[in-house]
Amino acid sequence: MATTTDPLLEEIQGPTPGQLLRRRVFGHHGLMIGGGLVALLVVVAILAPVLAPHDPYAQSLLERLQPPVFLGGSWEHPLGTDHLGRDYLSRLIYGARVSLMIGVIAALISGLIGTAMGVAAGYFGGRVDMVVTFLINVRLAMPVVLVALAVVAIFGGSLQVVIIVLGLLLWDRFAVVMRASTLQVRGREYVAAARAIGCSTPRIVLTEIMPNIVNNLIVVVTLEMAHAILLEAALSFLGLGVQPPTPSWGLMVSEGKQMMLFEPWLVMIPGIVLFLLVLAINLMGDGLRDVTAPENRS
Amino acid sequence: MSDATTPVLELRNVSKVYTIRQGLFAERKSLRAIDDVSLKVERGGVLGLVGESGCGKSTLAKILLGLETPTTGEVLIDGEPVGAQDRRKLARRIQPIFQDPYSSLNPRKSIADIISLPLRVHGIGDAASQDKAVREILDIVGLPARVMNSYPSQMSGGQRQRVAIARALIMKPEIVICDEPTSALDVSVQSQILNLLGELRREFGLTYLFISHNLAVVEHLATRVAVMYLGRIVEEASVAGLFDHARHPYSQALLESVLTPDPALGVPDTQLGAAYPNPIAPPSGCHFHPRCPKALPQCSSVAPRPLTTADGRIECHLFDEEKAEPATA
């Protein structure tokens, strides 16, 4: 019988895939910085009631517009207070909940819609592809902010409405990317082999195609999370997103804008935090793509 | 249903026509990828299928695997039409080995997962017996059991092709479609894989349809050869018959085109010219006539009939009134 083992094979006794993955994750600076920041913000958001020094809704007109410590304020309110005397740090901490919740849930909803459409279009092709491509084009022709503004104007601004509107509007990139990735993977011979073996279509999609396109999905998820967070901030800034007195970073920028000339930190602090969160999410997405790409496996 | 004389694999007048449209408002055109192909493969035999790129070899393989349905004609396995069997049933009798081992193994799955997939899909045995079957087949294809937890990217091309062979053979199929199984491999590895395929055929009594453009490989492994040109089988003969005295001008040209190791001989002149015809608008009459060095006047207008020869079939006007008898179709 054929037992001509490759002599080279005898030497392959490397680390296990798990060890390799760990090594790649910890060796990737972008992923460590981005992932660390996101993890920190998630912990802060979850532990908001414990971490916040004050009630984010408690007003105190005597203590209004106090500057943060680094501009000569007191440690009583480390980041100062807003125009109603509410503690700015506490509002920032509670605002992380709103931003993260909107980012995660909106990206989840649109991810489900877009991935289902994109994979179906890429895998089945033909009429299905035509319909999905048409829907993507229709969706791309609609300006997100205008549609969101109109819907919020009709149904009223609330956290739920903003999440649902964004979730139903941001699936286009998922659909485009997943369609292209599926098209690329479905032509590979291992898909043909799976069909020749007798695998059912759902099995082929779930076990042969999805694992090979999921790294692209991760990148889009992070992009769209960041996108949704920025859109919520924009909608709240325009007064049509999350309604006062709910603490939201966009709303905080909006409320601070009248005092921007004399108390610029009212706008700068939530702006910087928003920027850091979006940057961290994007760094994390890029890093995840790098460490999960199969071509990096060696 | 099956006896010794029934060919294990038979194609009867199989055609595959693709309708294509170049541009949104262009009219639809049809592309005959496979044109009226009839073939028989005896049990335990190896049919080599040779031809240029784009002549329809791989489409034929897809039809046999049930990945494409023929437009007309039928495929019979053991005398049973394939249309009557569903894909899962077909999968247990006929399995593929693909050309590119870098694309035929899912990079996200371990070797054990890849090889045991057919068993899991068909619900054969429990986890322990599947594990045992994988170990056995790894031994048979010459890989150590240790590679079970490896991933395809950790292996060389030859090792990957061994994995692909193991996956094809784990359900003990009767027929294996080898679609250029060595063309993506290094020359030194090619012979190992070919020898392995030969040993496995003897061991398990397999029947191969061996698709290749490498004539040396076909001569080494096949028992019969079919030469394909633009979707038609232009000549079919035993290996000895074809390689000793090829009759069809295209077969002769293919044999002459084999490169020799001696560079002083230069690139052989096949007299074919460089242009492969456009399969959307094939030449009239005999499809081969624009490139044929021995074309007769009627070749450009009349398509040649299939003729039976002493040891196969041929489609060429050169032999029509001479030695061959018209086929009784």
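Author: We will go through chain A and then chain B, one feature at a time. Keep in mind that this is a predicted model.

Reader: Which residues of chain A does UniProt annotate as "transmembrane region"?

Author: An annotation is a record to be set beside the coordinates. The unreviewed UniProt entry gives residues 31-52, 98-124, 144-171, 217-242 and 262-281 of chain A as "transmembrane region".

Reader: How much helix is there over residues 31-52 and over residues 217-242 of chain A?

Author: Residues 31-52 of chain A are 91% helix and 0% strand, with end C-alpha atoms 28 Å apart. For residues 217-242 of chain A the share is 81% helix and 0% strand, and the end C-alpha atoms are again 28 Å apart.

Reader: What does UniProt list for residues 96-285 of chain A?

Author: The unreviewed entry lists that span as "domain: ABC transmembrane type-1". In the model, residues 96-285 of chain A are 83% helix and 0% strand, and the end C-alpha atoms lie 19 Å apart.

Reader: Now a helix pair. At what angle do H11(A) and H12(A) pack?

Author: For a helix pair, look at the angle, the distance between axes, and the residues that meet. Helix H11 (residues 201-237) and helix H12 (residues 249-256) of chain A pack at about 35°, their axes 7 Å apart. The crossing of H11(A) past H12(A) is right-handed.

Reader: Which residues meet there?

Author: From H11(A) come A:Glu232, A:Ala233, A:Ala234, A:Leu235, A:Ser236 and A:Phe237. They meet A:Trp249, A:Gly250, A:Leu251, A:Val253 and A:Ser254 in H12(A). By class, the residues of this contact divide into 7 nonpolar, 3 polar and 1 charged.

Reader: On to chain B. How do I read a sheet?

Author: Strands of a sheet pair through backbone hydrogen bonds, either parallel or antiparallel. In chain B, 4 strands form an open sheet in the order S2-S1-S4-S5, with antiparallel pairing. Its edge strands are S2 (28-41) and S5 (80-81) of chain B, each of which pairs on one side only.

Reader: How many bridges join S4 to S5(B)?

Author: Strand S4 (residues 72-77) of chain B is joined to S5(B) by 2 bridges, and the two run antiparallel. To find one of the pairings, look at B:Leu76, whose bridge partner in S5(B) is B:Pro81.

Reader: Which helix packs on that sheet?

Author: Helix H1 (residues 57-64) of chain B does, touching strand S1 (9-21), S2 and S4 of chain B. The direction of H1 makes about 70° with that of S2(B).

Reader: What does S12(B) form with S11(B)?

Author: They form a hairpin with 2 residues between them. Strand S11 (residues 306-309) of chain B pairs with S12(B) in the antiparallel sense over 4 bridges. S12 (residues 312-315) also pairs antiparallel with strand S10 (residues 232-238) of chain B, over 2 bridges. B:Arg313 in S12(B) is the bridge partner of B:Thr308 and also of B:Glu236.

Reader: Into which domains is chain B divided?

Author: Domain 1 takes 9-93 + 174-288, and domain 2 takes 101-172. Over C-alpha atoms, 27 Å separate the centres of these two domains of chain B. Their contact takes 13 residues from domain 1 and 12 residues from domain 2.

Reader: What contributes the largest share on the domain 1 side?

Author: Helix H6 (residues 187-204) of chain B, with 6 residues. The domain 1 side of the contact divides into 9 nonpolar, 1 polar and 3 charged residues.

Definitions and conventions
Residues numbered from 1 in each chain as written. Chains lettered and ligands numbered in written order. Predicted model: local features only at pLDDT ≥ 70, side-chain atom pairs only at ≥ 80, totals over all residues. UniProt positions renumbered as here; feature names shortened; annotations may be inferred. Pairing = 2+ DSSP bridges. Contact = placed C-beta atoms within 7 Å. Axes fitted to C-alpha atoms, helices over the stretch in contact; angles between N-to-C directions. Domains from an automatic or database assignment. Nonpolar A, V, L, I, M, F, W, Y, C, P; charged D, E, K, R; others polar. Left-handed = near helix turned anticlockwise from the far one by under 90°.
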